[in-house]
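Look at the structure below and follow the chain with the sequence beside it.

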Amino acid sequence: NQNGPIDFPDAIRWWVAMDRCGENKFGAPEYLLGSHKNESVSNEAVFVTPESGDLPNYTRRTTYEPEPGDLIIWDSRTIHRILAPPGQSWEEGTQRRALGGTLAKSGATYLKKAVLAPSVTLQATTLAKFGATYLNKGGASGISDLAGHTQVNGEALGGPYFPRIYPTRVPEEEALRSMGGIEGRSTKKMIDLGVTLASNAGKYISFTKVVGKKE
């Protein structure tokens with residue numbers, strides 16, 4: 001998949017391991033090296049197969065085994081997935097925790113994609129530099145925007161849900177986050193997402209490919 005709520009040229013993606021990942025090739029992210037240069041995957045696409053378009057030209061894949069605290073950063077157009085056991089059957093004690101998110105550059109706009117896209121990241125955060133704006137394109141990568149913020153289309157990104165980290169931080173934003181004032185999952189947005197997925201089940205069958213299975 002290629003994900004991130006910010007327009008691809010304006011963002012980078014990051015992922016931090018909280019546990020050791022990649023033993024037996026499970027639980028670690030896998031990246032299709034060089035795939036950020038592809039010319040066939042549209043900006044609206046979320047899930048793709050490595051056999052589609054010009055992706056067969058990119059045959060090299062990563063084999064990371066991240067240790068706790070390791071940070072991985074990648075171009076937001078890079079095709080990637082999380083490797084899971086056969087049948088996505090995680091045995092007790094084999095689950096791995098990670099934090100992931102998006103860093104937006106100054107002047108970036110927040111995009112809700114045309115295709116709803118469930119994410120495999122346990123927690124996602126969008127960090128905004130000064131000047132970024134919220135842009136709702138409709139339809140939506142709904143699972144990546146389930147938090148309880150009230151930003152509307154075209155607004156400048158800001159507040160505790162989209163904390164500014166450069167050139168200066170905002171004390172009020174940090175204070176609310178430190179006090180647990182963030183609603184990570186809005187009940188209304190969860191219900192809306194469920195209704196949309198249920199009514200368009202055929203469209204989202206590719207979700208099964210977001211978590212890669214070990215051959």
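In this predicted model, strand 2 (residues 29-31) and strand 4 run antiparallel and are joined by three bridges. One of the residues involved is Glu30, whose bridge partner in strand 4 is Arg81. Strand 4 covers residues 80-84, and four of its five residues are buried, so this strand is largely enclosed by the rest of the structure.

Glu30 and Arg81 are also connected through their side chains, which meet in a salt bridge with an N to O distance of 2.7 Å. This pair links distant parts of the chain, since Glu30 in strand 2 and Arg81 in strand 4 are 51 residues apart. Glu30 forms a salt bridge with Arg61 as well, and there the closest N and O atoms are 3.4 Å apart. Arg61 sits in the loop between strand 2 and strand 3, 31 residues from Glu30 in strand 2. How accessible are these residues? Buried means under 20% relative accessible area. Glu30 has 11% relative accessibility, so Glu30 counts as buried. Arg81 has a relative accessible area of 23% and is therefore partly exposed. Arg61 is partly exposed too, with a relative accessible area of 38%.

The strands can now be placed in the whole protein. There are two helices and nine strands. Read along the sequence, they follow the pattern β-β-β-β-β-β-β-β-α-α-β. Of the 215 residues, 40% count as buried. Among contacts between residues at least 6 apart in sequence, 78% join residues at least 24 apart. The protein exposes about 11500 Å², and carbon and sulfur atoms supply 55% of this area.

Next comes the interior. In soluble globular proteins, nonpolar side chains tend to be buried together. Which residues make up the largest nonpolar core here? The nine residues are Trp15, Ala17, Cys21, Ala28, Tyr31, Ile72, Trp74, Ile82 and Ala98. Strand 1 (11-17) and strand 3 (71-75) each supply at least two residues of this core. A second, separate core has seven residues, including Leu32, Val41, Ala45 and Ile79.

Nonpolar residues are also found on the surface. Ile12, Leu71 and Ile73 form a nonpolar patch there, and together they have about 270 Å² of accessible area. Of these residues, Ile73 is found in strand 3.

One member of the largest core, Cys21, is found in the loop between strand 1 and strand 2. Is Cys21 buried or exposed? The relative accessible area of Cys21 is 0%, so this residue is buried. Leaving aside neighbours within four places in sequence, Cys21 is in contact with Trp15, Phe26, Gly27, Ala28, Glu65, Pro66 and Arg96. The C-alpha atoms of Cys21 and Arg97 are separated by 8.5 Å, although the two residues are 76 residues apart along the chain.

Arg97 takes part in a salt bridge with Asp19, in which the N to O distance is 2.9 Å. Asp19 is in the loop between strand 1 and strand 2, whereas Arg97 is in the loop between strand 4 and strand 5 (98-104), so the pair, 78 residues apart, links distant parts of the chain. Asp19 has a relative accessible area of 18% and is therefore buried. Arg97, with a relative accessible area of 44%, is partly exposed. In total, the count comes to seven salt bridges. Elsewhere, Arg20, Glu65 and Glu67 are linked in a network of salt bridges.

The last stop is the part of the chain around the helices. Most residues other than glycine have a negative phi, and most peptide bonds are trans. The bond that joins Tyr166 and Pro167 is a cis peptide bond, with an omega of about 5°. Pro167 lies in the loop between strand 8 (133-135) and helix 1. Further along, Ser186 lies in the loop between helix 1 (171-178) and helix 2 (187-199). Ser186 has a relative accessible area of 10%, so this residue is buried. Which residues is Ser186 in contact with, leaving aside its neighbours within four places in sequence? They are Leu146, Ala147 and Gly148.

Methods. Residues numbered from 1 in each chain as written. Predicted model: local features only at pLDDT ≥ 70, side-chain atom pairs only at ≥ 80, totals over all residues. Heavy atoms only, no water. Buried < 20%, exposed > 50% of the residue type's maximum accessible area, 1.4 Å probe, protein only. Pairing = 2+ DSSP bridges. Core = buried A, V, L, I, M, F, W, Y, C linked by side-chain atoms within 4.5 Å. Contact = heavy atoms within 4.5 Å. Patch = residues over 30% accessible without salt bridge, like charges linked within 9 Å, V, L, I, M, F, W, Y side chains within 5 Å. Areas by Shrake-Rupley, 256 points an atom, 1.4 Å probe, with all protein chains shown as cover. Salt bridge = Lys/Arg side-chain N within 4 Å of Asp/Glu carboxyl O.
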